Structure formats: C-alpha cells, structure tokens
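Hello,

Please have it open while you read.

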Amino acid sequence: MPTSEIRVGLIGYGPAGSFFHAPLIAATPGLRLSAVVTRDPSRAEQARQEHPGAEVVASADDLWSRSDLVVIASPNRTHVPLAQEAIKRGLPVVVDKPLTGTAAEARDLVRQARDRGTMLTVFQNRRWDGDFLTIRRLLPDLGDVHRFESRFERWRPVPKGGWREMGGPDEVAGVLYDLGSHLVDQALQLFGPVSHVYAESDVRRAGVRADDDAFIALTHTGGTRSHLWMSAVTAQLGPRFRVLGSRGAYVKWGLDPQEERLRAGERPGTPGAVWGAEPSERWGSLGADGDARAVPTEPGAYPEFYAGVAACLLEGAPPPVAPDSAAETVAVLEAATRSAATGSTVVMEQTDQA
C-alpha cells in the first residue's frame, strides 16, 4: 500500500458512482481516482469530463492493476463476486450498501477479508447525515427513547425503470434493501441490536416487479421500538424523523441537503462554504407541544467516510464502517423480507447477529 497517495478504482458510474463516490473520493486528501469502470458510452464520456485524470475502462478485469483501493458502486447483484475478487487479490474494498443480499453472504465476505488481512468497509453514508448526527447529540435531552420513527419517502407514481424497480430477488432490488439499508443501519447505530422484526412489503405501481412501498418495525433489545417507512408512492411526505422520549421529542422534516448539493454539482471544499450546513428554516424542533424550540442541525459530513478510509489505509485506523455492523444490517433486512413474505414476526436468534 502506498504511503502518500492511494489509487482508487471505481466500478460503476451510475448515480451512486457519479454523484456520491467519485466527488467524495476526489475531495479526499490521500486518495486519487485513477480508473472508472463503465460500459455505457454516455457515462464513460461523463466520467472523462468530470474526472479527466482517471482512465475509463470497460471491465473490472482492466481495473485491478490500476488500483490500490477498489470501490464497488455497481448493481447490487454484483457486490459479492466483485468484492470476493478484490479481496482475493489483496485489494482493500469499499462496497456500496447493501453489502450483500443475505446475512450468510455478508458474514462470508467479512471472514474472507479478515483472513486475507485486507480492509472491507461499506458506504453507509447516512451515518453522516446532519439530522442523524443531531439525534446523536440530542439523545441525552430526550431521556429514554420509546419510539424512533424514520422515513425515506418519495412520490414517483410513474416508474423510472431500471433494475431497482424491475429486478427480482436475484437483483437485490426494491426499496426495502435500497432505502431500508439506510434506515435499518441508522436505527441499529442509535439503539443497538434487535430481538424481533416485523415488516410489510408491497408492489403498488403497475409494471413494477420489485417492492416500492415497505414498513419495518424493530424491537431493540434495549426496549426502544423503531418504526421505519420506505416508499416511492407517498403523495404527502411524513417527517424524516420523529423521536419520542421520556423527556421530550425531536421532530425533523426534510432530507439532509448533501445529496441534493452533490447532484447539483456542488463539491466539498468550496471556499467560504460550510459543507453540509442546513438553513435555519429547515431545523427540527425539540421538546413537547407548547414547549418546543428549534434546534440547529449539525452540518452533514459525508466527506468523513472517505477521510476514514484514507486514515484506515495510511495510518492503521479502524474502517469508517465496521463490516460486522453492515452484516448485521443485512441480517435485519433478510429477516424483514421473511416477515413480509409470511406475515409473521421474525425472532432474531443470536446466530443471526453479526
């Protein structure tokens, strides 16, 4: 591993690769985007224009020798074979969420990376959402949290197409694994392991094969209940967060602005700007009815993920997302899939936890 600059090979230049990974890699000292894999001619041209210092290649086979670190932002069904190949070659690897489709696959990848002595981490970027960081800050003010409500809802009555909507289980498609990966991960980070999982999952739009409307209820071993909604068919959106505690509540509307800004072409490090800062009119409220006050939202911090990757590889720091925690998220999503299919509550056994 080089001691000054790490060559990063990025597999996939769709929305995840172009809007999230590539800009954040380019903004991180110690990392250099060296190669991008895409077979799509328009995406290849986009990558060349946006990152002229990176080679654009058509296959992962052309990437390995050009990389000291591999980032997998390709469709979900490719995560396991590509990560296995990177690990086999001794290359540290970042995998976009979800890590895998099953807990067994996730744990096997973690084991392979550990046996090979190479870094494996997962791009759970929503751990650095400003509103999520704000909840972490406010937990002592809330007392014992009875219920945690979290939503990623959208209004897309006309399907966009593509594997996320049209794919089946083999594609690891649908909102439960897509948006649910973030919601479950955040709940586990805040309130710890779960003992019971109940879920509902539906296909609401004509011509769509994968679930586009889902709900997950988690019972955490510490007593908190998490209620998580993910949907593409919500005409009026609910609050992003509603956290109900023994001393008060925190309610927050609207999404963290970092994705919006990345999609608009803004980049971390713009002179004079605080990355991830949210205007005061979008702040959430803390307290109880009749006695609630607006509280500043912590600045979002997506750049910290790849800064953590660089620190792991160059300084020996822990990875920014422990792979075991990502495997635990997959285990809960897998249990949610079983629950939705059977209409029953799934009891999480000790062996189901990472």
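In helix H3 (residues 79-88), the buried residues are His79, Val80, Leu82, Ala83, Ala86 and Ile87; buried means under 20% relative accessible area, exposed over 50%, and partly exposed in between, with a 1.4 Å probe and protein chains only. Strand S1 (6-11), strand S4 (69-72), S5 and helix H4 (103-116) are among the elements that cover them, where contact means heavy atoms within 4.5 Å. Helices (H or I, at least four residues) and strands (E, at least two) are DSSP runs, numbered from the N terminus. Just after H3, Gly90 has a positive phi of about 80°.

Before going further, the ground rules. This is a predicted model, in which local features need pLDDT of at least 70 and side-chain atom pairs count only at pLDDT 80 or more, while totals for chains, interfaces and linings use all residues. Residues are numbered from 1 along each chain as its sequence is written, and side-chain values use heavy atoms, with hydrogens and water left out.

Now the sheet. Six strands make up an open sheet with parallel pairing, in the order S3-S2-S1-S4-S5-S6; two strands pair if DSSP finds at least two bridges between them. Strand S3 (55-57) and strand S6 (120-123) are at the edges with a single partner strand each, so one side of each has no neighbour in the sheet. From one strand to the next the twist averages 25°, with axes being lines fitted to C-alpha atoms (for helices over the stretch in contact) and angles running from 0 to 180 degrees between N-to-C directions.

Strand S5 (residues 93-96) pairs with S6 in the parallel sense through four bridges, and Asp96 stands opposite Phe123 in S6. Val93 also belongs to strand S5. Val93 is buried, with a relative accessible area of 0%. Not counting residues up to four places away in sequence, Val93 touches Leu69, Val70, Ile72, Ala86, Ile87, Met119, Leu120 and Thr121. Two of these, Ala86 and Ile87, are also among the buried residues of H3.

Ala47, in helix H2 (residues 41-50), is another buried residue, with a relative accessible area of 2%. Leaving aside neighbours within four places in sequence, Ala47 is in contact with Tyr13, Val36, Pro52 and Val56. Ala47 and Thr342 lie 295 residues apart in sequence and 44 Å apart in space, C-alpha to C-alpha.

The structure holds nine aromatic pairs; rings of Phe, Tyr and Trp (its six-membered ring) pair if their centres lie within 6.5 Å, and planes under 30 degrees apart count as stacked, over 60 as edge-to-face and the rest as tilted. Phe20 and Phe123 form an edge-to-face pair, 6.4 Å centre to centre with 65° between the planes. This pair links distant parts of the chain, with Phe20 in helix H1 (residues 15-26) and Phe123 in strand S6, 103 residues apart. Both Phe20 and Phe123 are buried.

Trp128 and Phe305 are also edge-to-face, at 5.9 Å centre to centre and 75° between the planes. Trp128 is in the loop between S6 and helix H5 (130-142), and Phe305 is in helix H9 (residues 303-315), 177 residues away. Trp128 is buried at a relative accessible area of 11%, and Phe305 is buried at 0%. Ring pairs link Phe20, Phe123, Trp128, Tyr302, Phe305 and Tyr306 into a cluster.

There are charges over rings as well, which requires NZ of Lys or CZ of Arg within 6 Å of the ring centre and within 35 degrees of the ring normal. The charged end of Arg151 sits over the ring of Trp229, 4.0 Å from its centre. Likewise, the charged end of Arg240 sits over the ring of Phe152, 4.0 Å from its centre.

Strand S13 (residues 284-288) and strand S14 (residues 291-295) run antiparallel and are joined by five bridges, with Asp291 in S14 as the bridge partner of Ala288. Two residues lie between the strands, and Gly290 takes a positive phi near 85°.

Finally, the record. Residues 6-122 are 39% helix and 23% strand, with the end C-alpha atoms 18 Å apart; residues 141-346 are 30% helix and 26% strand, with the end C-alpha atoms 32 Å apart.

Best wishes
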